[in-house]
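Student: Please go through this model with me, one point at a time.

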Amino acid sequence: MVSFVISDLKAMNESLKEFAEYLRLMRVDEEDVFASRLVSCELITNVIIHSGQAAEFRGELAGADIAISVIANGMENVDLNPSLPDAFAESGRGMYIVNCICGGNVERRDGGLHAVIKRKN
């Protein structure tokens with residue numbers, strides 16, 4: 001498992017390198033590493049923006065799946081299953097993408113957002 005706390009979106013990419021390396025060491029296919037990084041970025045961004053607080057990230061292999069959790073207080077207003085937003089909308093695309101990648105396996109609980117990615121390989 002990889003875990004860290006992040007309060008600055010500018011530091012997000014550097015922090016997520018450790019998660020990507022963990023997945024590669026566990027022989028996760030690059031397509032699934034990419035999907036995990038995309039989901040992680042969107043969840044971290046949403047948690048920090050909507051909570052106004054630092055986000056606690058946890059990512060791990062859970063059997064054949066990749067489990068990602070991002071936790072902070074104040075996550076009550078995040079729409080987890082939005083419909084496809086207008087192309088010119090200011091928000092909503094990120095969680096729509098996360099929901100698609102995760103096949104609907106996204107939930108809000110325990111003060112955060114939790115997603116499961118079914119590995120392709």
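Tutor: Start with a definition: buried means under 20% relative accessible area, exposed over 50%, and partly exposed in between, with a 1.4 Å probe and protein chains only. This is a predicted model, in which local features need pLDDT of at least 70 and side-chain atom pairs count only at pLDDT 80 or more, while totals for chains, interfaces and linings use all residues. Residues are numbered from 1 along each chain as its sequence is written, and side-chain values use heavy atoms, with hydrogens and water left out.

Student: Is Cys102 buried or exposed?

Tutor: The relative accessibility of Cys102 is 2%.

Student: How many disulfides are found in the whole structure?

Tutor: A disulfide is a pair of cysteine sulfur atoms within 2.5 Å. For Cys102, the nearest cysteine sulfur is that of Cys100, 9.5 Å away, and Cys102 is in no disulfide. A search of the whole structure gives a count of 0.

Student: What pattern does the chain follow along the sequence?

Tutor: Helices (H or I, at least four residues) and strands (E, at least two) are DSSP runs, numbered from the N terminus. The chain has 3 helices and 5 strands. Read in sequence order, the pattern is β-α-α-β-β-α-β-β.

Student: How are H2 and H3 oriented to each other?

Tutor: Axes are lines fitted to C-alpha atoms, for helices over the stretch in contact, and angles run from 0 to 180 degrees between N-to-C directions. H2 and H3 pack at about 140°, with their axes 10 Å apart. Angles under 35 degrees count as roughly parallel, over 145 as roughly antiparallel, 65 to 115 as roughly perpendicular and the rest as oblique. H2 and H3 are therefore oblique.

Student: What is the handedness of the crossing of H1 and H2?

Tutor: A crossing is left-handed if the near helix is turned anticlockwise from the far one by less than a right angle, and right-handed if clockwise. H2 passes H3 in a left-handed crossing. H1 and H2 pack at an angle of about 145°, with their axes 10 Å apart. Their crossing is right-handed.

Student: Which residues does Leu9 contact, leaving aside neighbours within four places in sequence?

Tutor: Leu9 is in the loop between S1 and H1, and at 31% relative accessibility it counts as partly exposed. Its C-alpha is 8.0 Å from that of Ile48, 39 residues apart in sequence. With contact meaning heavy atoms within 4.5 Å, the partners of Leu9 are Ile44, Thr45 and Ile48.

Student: What distance separates the C-alpha atoms of Ser51 and Ala72?

Tutor: Ser51 lies in helix H2 and is buried, with a relative accessible area of 15%. Ser51 and Ala72 are 21 residues apart along the chain, and their C-alpha atoms are separated by 6.5 Å.
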